Amino acid sequence: MLNKNLKRDPGAAEAVGGDELLVTGGHTFSTLTDKVSGIVEKKTPSQWYLLFAMAVSGMMVLLGSIGWLVWEGTGVWGLNNPVGWGWAIVNFVFWVGIGHAGTLISAILFLLRQQWRTAINRFAEAMTIFAVITALVFPGIHVGRIWLAYYMFPIPNQMLIWPNFRSPLLWDIFAVGTYFTVSTLFWYVGLIPDLATLRDRATNVRKKVLGFFAMGWRGGNRQWQHYEKAYLLLAGLATPLVLSVHSVVATDFATSMVPGWHTTIFPPYFVAGAVFSGFGMVMTLAIIARKIYGLEDIITVNHLEKMNKIILVTGSMVGYAYMTEFFIAWYSGNEFEFFAFINRALGPYAWAYWIMFLCNVITPQIFWFKKIRRSIPVMFVASIFVNIGMWFERFVITVTSLSRDYLPSSWDYYSPSIWDMLTFVGSFGLFFTFFLLFLRFLPMVALSEVKGVMPEADPHNYSHKNGGAK
Amino acid sequence: MSKTQGVLARFANPAELIEAAKKVRDAGYEKFDCHSPFPIHGMDDAMGLKRSPLGYIVGGMTVTGAIAGMSLQYWVAAIEYPLVISGKPFFSWQAFFIVTFALFVLFGAFGSVFGMLHLNRLPRLHHPLFYSEQFSKVTDDAFFVSIEVEDSKFDEKRTQEFLASIGGSDVELVAGE
């Protein structure tokens, strides 16, 4: 079965047909339950404690940097007069973008009936939630006066003023806020049957706590019926939502009159980039997690290969968008616009542009080769390059345009301060603290969904013409 | 005092559970359920269930969300705090569609999660089936049919015999308070 599977092209049509073996290693329902539940029930591997200590230290760096920012003001950052948007927005867009892969896997691939998504969707969704939390730190702190963060929301206040609903920055609050809420609901609904699995294996206090969160799930078909409908509807709602979120983030830039930002290509190009960077992060996390927890039978090389194909597709879309931007800048005949792009590639930030170009345009092209798509060390390194490249993309877009706009007299070069850097490094600490706690306490693979795509779950598998398997 | 709550029988695999569901339905039972670790394709028809009405709940919620979103922005921008910004009209409905859409999705998502919980009568932390020892395997790899004592056709002895006759094993009388 495995050999047959390897020879065939594991593309979309095959997954729809459902005759591909998604779980290898001869697992039954029961061994699968033991494997995944065992991760949170058995002794935690020592690597986890090491990583957790590093993550918490990083989070402390973030909190310290924010504390200094609040104490001293945004002057501690490297912002200057033309470049009023620095790393804070770069990091915000970077982290929100990472979240998009989780929703793509959980919603869009669900609607497209891509059954291989079941192996990775739980932790990809968790990644989404934690990435969005990390992203939301930045708008919260970016003016350095966090006690005024409530200005972002339309709430009655003593000054009788209201936010401007024509502004994309306010759209962003609604889009990202909705995105966070919907992702969390989606994730929790998916968790209910698996929390019930953990509940049924636990005793004493642990059973009570898990039982509370499993809400009394009994796995009856009268429950599954509504549950599946809810899951489908959530996927249907989350699909246009995820496409809209990064489009709205793109309008933060595109509705302004800054050269290099004021282009209609931004929304689709941001969405492709977001999915691209998100898959890079899913890949990095999946490779580490499957190794530490021995999940090679559930997250197989076939799964990783499929993710690499998505990285190739979205990476090529991003590369295509870079070239289209250049072409349109020239074709528009607008000299400010064309200068902005020439300046990106050859100006003072050329180093950043070419890091971005190499990481985002060249790196994914190696996945045209099947051998490389299935090589774990290569894809691990490539996935990190993708994330570096996508961070630089946001840096290039934000900083090059602001530092060289219409008036040469107001040009200036932007360099980050140590506090910019510590805040960014610390944001990884925050993200990984959440993520590691998730790995430690919740089932990282969607058990009921993985069981549902095994051949044994299909009633037709037991008909007499198949020899009555089992 | 312990009181009979229903009957539980175990079946070997999803195919047998579907067959059992058809037979229980055809025998005229109404208050029964088929439990499995994952949803089984074709079970709704086998049990004779009607379509889930959740879509109507979510449909209503999305429309409510969209109306709420547009009204909020109309009230803020045109009534409570009219301010000319970039020469745009007070009620710039085109620009307001983004937030309207976000609230459409947000309300719809709340509708689908809380609507689902309501239709499933969850959270319900205490249920007679949890008195059964073997029922804890339902979230692992076991398949069960349960028939409730409230069913009009329920009879302690005959219902147990019936479930055994259609291939159920470990037939058990579930009793609790």
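A residue counts as buried if 20 or more other C-beta atoms lie within 10 Å of its own, as exposed if 12 or fewer do, and as partly exposed in between, with C-beta atoms placed from the backbone. This is a predicted model, in which local features need pLDDT of at least 70 and side-chain atom pairs count only at pLDDT 80 or more, while totals for chains, interfaces and linings use all residues. Residues are numbered from 1 along each chain as its sequence is written, and chains are lettered from A and ligands numbered from 1 in the order in which they are written.

Q: Why is Tyr331(A) called exposed?
A: Tyr331(A) has 11 other C-beta atoms within 10 Å, and the limit for exposed is 12 or fewer. Tyr331(A) lies in helix α11 (residues 301-331) of chain A; helices here are DSSP runs of H or I with at least four residues, strands are runs of E with at least two, and both are numbered from the N terminus.

Q: What makes Cys359(A) buried?
A: Cys359(A) has 23 C-beta neighbours inside 10 Å, against a requirement of 20 or more. Cys359(A) sits in helix α13 of chain A. Not counting residues up to four places away in sequence, Cys359(A) touches Phe385(A), Val386(A), Ile388(A), Gly389(A) and Phe392(A), where contact is defined as C-beta atoms, placed from the backbone, within 7 Å.

Q: Why are α13(A) and α15(A) called oblique?
A: Helix α13 (residues 350-362) and helix α15 (residues 376-403) of chain A pack at an angle of about 140 degrees, with their axes 8 Å apart. Axes are lines fitted to C-alpha atoms, for helices over the stretch in contact, and angles run from 0 to 180 degrees between N-to-C directions. Angles under 35 degrees count as roughly parallel, over 145 as roughly antiparallel, 65 to 115 as roughly perpendicular and the rest as oblique. The pair α13(A) and α15(A) is therefore oblique. The crossing of α13(A) and α15(A) is left-handed, the term for a near helix turned anticlockwise from the far one by less than a right angle, with clockwise giving right-handed.

Q: Which classes of residue make the contact of α13(A) with α15(A)?
A: The contact has 12 nonpolar, two polar and one charged residues. Ala, Val, Leu, Ile, Met, Phe, Trp, Tyr, Cys and Pro count as nonpolar, Asp, Glu, Lys and Arg as charged, and the others, Gly among them, as polar.

Q: What makes α6(A) and α16(A) roughly antiparallel?
A: The axes of helix α6 (residues 117-141) and helix α16 (residues 418-441) of chain A come within 9 Å and cross at roughly 150 degrees. Angles over 145 count as roughly antiparallel, and α6(A) and α16(A) are therefore assigned to that class. Their crossing is right-handed. Residues of α6(A) in the contact include Met127(A) and Phe130(A), and those of α16(A) include Phe431(A) and Phe434(A). By class, the contact has 11 nonpolar, two polar and no charged residues.

Q: Which residues touch the most other members of the largest nonpolar core?
A: They are Met127(A), Val182(A) and Val282(A), in a core of 159 residues. Such a core is a set of buried Ala, Val, Leu, Ile, Met, Phe, Trp, Tyr and Cys residues joined through C-beta atoms within 7 Å. Beyond its neighbours within four places in sequence, Val182(A) is in contact with residues including Leu237(A), Val105(B) and Leu106(B).

Q: How many residues of chain B are in contact with chain A?
A: There are 57, and they meet 53 residues of chain A. The largest share of this side of chain B, 12 residues, comes from α4(B). By class, this side has 35 nonpolar, 15 polar and seven charged residues.

Q: What makes Trp75(B) partly exposed?
A: Trp75(B) has 13 C-beta neighbours inside 10 Å, which is between the two limits. Trp75(B) lies in helix α3 of chain B.

Notes
Two residues are in contact if their C-beta atoms, placed from the backbone, lie within 7 Å.
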